[in-house]
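Please look through the sequence and the fold before reading on.

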Amino acid sequence: MTKLDDLLQEVRLQLGSDLLSTDVVGTDGMSIASVSSAPNFDASAAAARFAMVMKLAGNVAGKINQGKVDDTLTTTGKAYILTRFLGDGTYYWMVAVTKEAVLGMVRMLMNEYVDQIWKAIPR
């Protein structure tokens with residue numbers, strides 16, 4: 001197991017049963033590390049599709065002169081999906097949680113781990 005895998009496992013433990021999936025994904029939509037707790041959540045499809053969302057969010061923020069995107073939040077009938085660019089923006093981190101999760105806690109946890117996850121990406 002790599003350091004990146006270890007970090008995602010730590011996040012899984014912190015979020016407990018609220019976690020559906022967490023992935024570190026390149027802007028090409030390919031996940032390089034993943035932890036999933038929900039067999040019916042297609043993490044690889046979500047990772048690929050959210051690459052488009054992240055690219056679009058970055059473009060829109062630039063066009064309306066609002067600076068860089070910190071994170072995005074997608075709310076569905078079943079889940080909250082938070083995505084956040086890492087480091088230089090060549091990767092992003094996706095965390096999908098149940099609707100019972102406390103969003104402030106998820107964001108706080110992402111803030112705590114974001115630098116460690118960026119540093120653990122093999123380059």
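A pocket, on a 1 Å grid over the protein atoms alone, is an open set of points where a 1.4 Å probe fits, with protein on both sides within 12 Å along at least five of seven lines, and its lining residues have an atom within 4 Å of a point. In this predicted model, local features need pLDDT of at least 70 and side-chain atom pairs count only at pLDDT 80 or more, while totals for chains, interfaces and linings use all residues. Residues are numbered from 1 along each chain as its sequence is written, and side-chain values use heavy atoms, with hydrogens and water left out.

The second largest pocket holds about 160 Å³ of space, and its lining is formed by Leu20, Ala38, Asn40, Phe41, Thr76, Lys78, Ala79 and Ile81. The largest pocket has a volume of about 230 Å³, and strand 4 (residues 79–86) gives the most to its lining, with three residues.

Turning to the helices, the axes of helix 1 (residues 3–15) and helix 3 (residues 103–120) come within 9 Å and cross at roughly 170°. Helix 1 and helix 3 are therefore roughly antiparallel (an angle over 145 degrees). Their contact (heavy atoms within 4.5 Å) involves residues including Leu4, Leu7 and Leu8 of helix 1 and Val106, Leu109 and Tyr113 of helix 3.

In the loop between helix 2 (43–63) and strand 3 (71–75) lies Asn65, whose phi is near 55°, a positive value in a residue other than glycine. Asn65 is exposed (over 50% relative accessible area, with a 1.4 Å probe and protein chains only), at a relative accessible area of 65%.

Conventions: Axes are lines fitted to C-alpha atoms, for helices over the stretch in contact, and angles run from 0 to 180 degrees between N-to-C directions. Helices (H or I, at least four residues) and strands (E, at least two) are DSSP runs, numbered from the N terminus. Angles under 35 degrees count as roughly parallel, over 145 as roughly antiparallel, 65 to 115 as roughly perpendicular and the rest as oblique. Buried means under 20% relative accessible area, exposed over 50%, partly exposed in between (1.4 Å probe, protein chains only). Grid points are joined across faces, edges and corners, and a volume is the space filled by probe spheres set on the points.
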